[in-house]
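Here is a short note for a colleague who has not seen this structure before. The points below can be read beside the sequence and the model.

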Amino acid sequence: MTRIKEFPLPDLGEGLAEGEILKWLVGVGDTIELNQPIVEVETAKAAVEIPAKWAGQVSAIFHAEGETVEVGTPIIAIDTDPGAGPADQLAPSAESLAAVTVAPAEGMVEPGMTGGGRTPVLVGYGPRNGAAKRRARVTEPAAPAPPQQEKPAATVDRPLAKPPVRKLAKDLGVDLFTLTGTGPNGSITRDDVQQAVQRPAVPAAPSFGPGREQRIPVKGVRKLTAANMVASAFTAPHVTEFLTVDVTRSMRALDRLRELPDWRGVRVSPLLLVAKAVLVAIKRYPMVNSSWAGDDIVVKEYVNLGIAAATERGLIVPNIKDVGRLTLRELADAMSALVTTAKEGRTSPADMTGGTFTITNVGVFGVDTGTPILPPGEAAILAFGAVREMPWVHKGKIKPRPVTTLGLSFDHRIIDGELGSKFLRDIGVFLSDPEAALLAWG
Amino acid sequence: MAKGDVARARTTRGAKSAPAPEFVQLLTPEGERVDHPTYAVDFTDEEYRGLYRDLVVVRRLDAEATALQRQGELGLWASLLGQEAAQVGSGRALRVHDMVFPTYREHGVLYCRGIDPIMPLGLFRGVDQGGWDPNQFKFSMYTIVIGAQTLHATGYAMGVAKDGKVGSPDGEAVIAYFGDGATSQGDVNEAFVWSSVFNAPIVFFCQNNQYAISEPLERQTRVPLFQRAAGFGFPGVRVDGNDVLAVYAVTRDALDNARQGQGPTLIEAYTYRMGAHTTSDDPTRYRIASEVEAWQAKDPIKRVRAFLEKQKLADSAFFDAVDEEARAQAVHLRERVLAMPDPQPLSLFDHVYAEGSPLLDEQREQFGAYLASFEGSGH
């Protein structure tokens, strides 16, 4: 029995491939007991604490907080007999697993991919350590093997790649014909495929196959978004109304806000005032903040404000819970934290459920407005367009003024045209003159 | 929507200050004994201590199984945390010849049946299909399909009646366990109908732990669950599921009625699942912390301990000894789980038919040949 034992991340929930290290509860050198919680890990299903499998002393931690780790990868090493003097192999022996060599003929695991210390695979499955233990088939004791001869790559009718790599390429929509292999005999490796996916950050240059079409598997956030959009568009009868408003006074108000000592360093954007306008208007028309529940309409006193955010993984709509409690300053902080977290891909599932009203800031893409689709379970969503200088009639004269267009979609089962119009109008009134609106309605 | 319809709209915030449910209780959360006009228990001091020991051991073994899952040693675990009293109270009310039909969470009842707690762990580790002989322990296999066991139990109970084993104080009874979510299943309602019209000697024991995975009770029913029995024509009773004494008294009474030929009873044990539905679930996504805290105050074990202390039925040496016993059992359980052998691939074919089948024999042969085609297979 080895004294230092490595604990591989287990499958915490029936068929999960990976987990994210949220928080280490122990550090290197700590003495730990059996079943003492050592780490919080979040999977696609749940955030859970993992209890120590052995008592002893932590001799190494292999993955930092925030890292996504494949199931089966060692995450911690525990010296199970720390009192017995210095251990022989205190060096993280993750490499010890990498020492398992696999006959190339086996074709299941590519060189360098057998160890625990490999780069985590973020999409699809990774080669399990167990794969290395596959037994070879009994071969026929036939004629002596012909001398090994490397086939010239030109004679192959399809690129050389092992089946798991082909599967990965297919999953990721990568055409193997477009790649140059860096593996043995010019074969394409897992890394080659992954680099091909990471390379084109600009969507202008996708790797089209010979048919000049590319198939992108629908999964993850895209799949969820699609399902939500279809469910919403075909259950809730949508109506969209538009309103263009002069936001000169809002822009001035923001400038003044930025100069306040309390607000130094706070990220202040027009979106903040739009959010505030929505909150004030919801207070006046609570039915807008509701959901359709078959026999009932559920009107909510609390507002969980969703902000649609474009992230690398696609559209996500995290929400800030019970925004009514927050001061404007707290709201600003919460909004910037929300967006930062979303961009980092660290939004927790709890933050993505329970939204009651959503704002989608299409203006950041430089467009004027759109007809947003309701997030399922919400009765209204506001699109906030770009703020731009436009010719505008101001006190009888045409002047350049900062102007924006608001687009409000609402569930016509709950909200009539009158209510929707009044609600949108009030948001417009607020943005035209936030101080007066706050004095009057705040 | 017309303006008048606004009256139908409801506000969710703070709407649920549901009154404490009416139920049979003999031991309050503070550990005070209270009397009930219909139900009573008369335990000896040793029996009171025994119930406490059961509760503590059952909880400790359950915690160990949860830890083993988190450590990758079990594929899944359905924790009973919070439901110990419902299971120990009803499990101890059973007589040796009474038959039990469990769900997959009845680890406490299983313990009371005298089955080695290692038995279900083979199932959750994925090395066997369950492992005990239902006839030997009068405890059917764990049933994963929600509510299916209530029909098995009903059929079994009808059989007991046909065998003439009911109608006396020594008659046999059957108990079927299920949860609040299962009450919405067709199987459970069919079981109610059949057992009612055939006057089957059965107790339907519903552990209402308030959630069917993430669905709250309000999505299962508009009336208290125990009241449903009236519609099927047999009595229903609600008991404080965290009160081991009341659960024991109510279950014993219902079992006695069944064995004497008076037909079924529905017991709704009003309790709370303190942990996740299974280890694959994250209850923080659908429950609020204050609700969990409120139920922590109603803990089934704390109240028995408070009672034992107040009545001077046990001292700290006793409590320490129980904790130590539970710990030792947990360690023993862990060691045996880790030592469980992986099943032989060919054992897959062993228990499909009692007396084999030609087709199966052929498949076994083919699979054996396939296995033997590997180097070092030793076949």
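1. A contact here means heavy atoms within 4.5 Å. In chain A, residues 24 or more positions apart account for 62% of the contacts with a separation of 6 or more. For chain B the corresponding share is 74%.

2. This is a predicted model, in which local features need pLDDT of at least 70 and side-chain atom pairs count only at pLDDT 80 or more, while totals for chains, interfaces and linings use all residues. Residues are numbered from 1 along each chain as its sequence is written, chains are lettered from A and ligands numbered from 1 in the order in which they are written, and side-chain values use heavy atoms, with hydrogens and water left out.

3. Helices (H or I, at least four residues) and strands (E, at least two) are DSSP runs, numbered from the N terminus. Chain A has 10 helices and 18 strands; chain B has 13 helices and eight strands.

4. Buried means under 20% relative accessible area, exposed over 50%, and partly exposed in between, with a 1.4 Å probe and protein chains only. Of the 442 residues in chain A, 42% are buried; of the 379 in chain B, 51% are. Accessible areas come from the Shrake-Rupley method with a 1.4 Å probe, and for residues only the protein chains shown count as cover. Chain A exposes about 23600 Å², with 57% supplied by carbon and sulfur atoms. For chain B the accessible surface is about 17200 Å², and carbon and sulfur atoms hold 53% of it.

5. The UniProt record (unreviewed entry) places the feature "domain: Peripheral subunit-binding (PSBD)" at residues 160–197 of chain A. UniProt positions are given in the numbering used here, feature names are shortened, and annotations may be inferred rather than shown by experiment. In the model, residues 160–197 of chain A are 47% helix and 0% strand, and the end C-alpha atoms lie 18 Å apart.

6. A salt bridge is a side-chain nitrogen of Lys or Arg within 4 Å of a carboxyl oxygen of Asp or Glu. By this rule there are 37 salt bridges over all chains. One of them joins A:Asp255 to A:Arg258, with the closest N and O atoms 2.9 Å apart. Both residues lie in helix H5 (residues 248–259) of chain A, three residues apart, about one turn of the helix.

7. Which parts of chain B does the pair B:Lys310 and B:Glu32 tie together? The two form a salt bridge, the closest N and O atoms being 3.1 Å apart. B:Lys310 lies in helix H11 (residues 300–310) and B:Glu32 in the loop between strand E1 (10–11) and helix H1 (45–70), so the pair ties together parts that are 278 residues apart in sequence.

8. Is B:Glu268 buried or exposed? B:Glu268 is buried, with a relative accessible area of 0%, and is found in strand E8 (residues 265–270) of chain B. Its contacts, not counting residues up to four places away in sequence, include B:Cys206, B:Asn208 and B:Arg238. B:Cys206 is also buried, at 1% relative accessible area.

9. With a disulfide taken as a pair of cysteine sulfur atoms within 2.5 Å, the count over all chains is zero.
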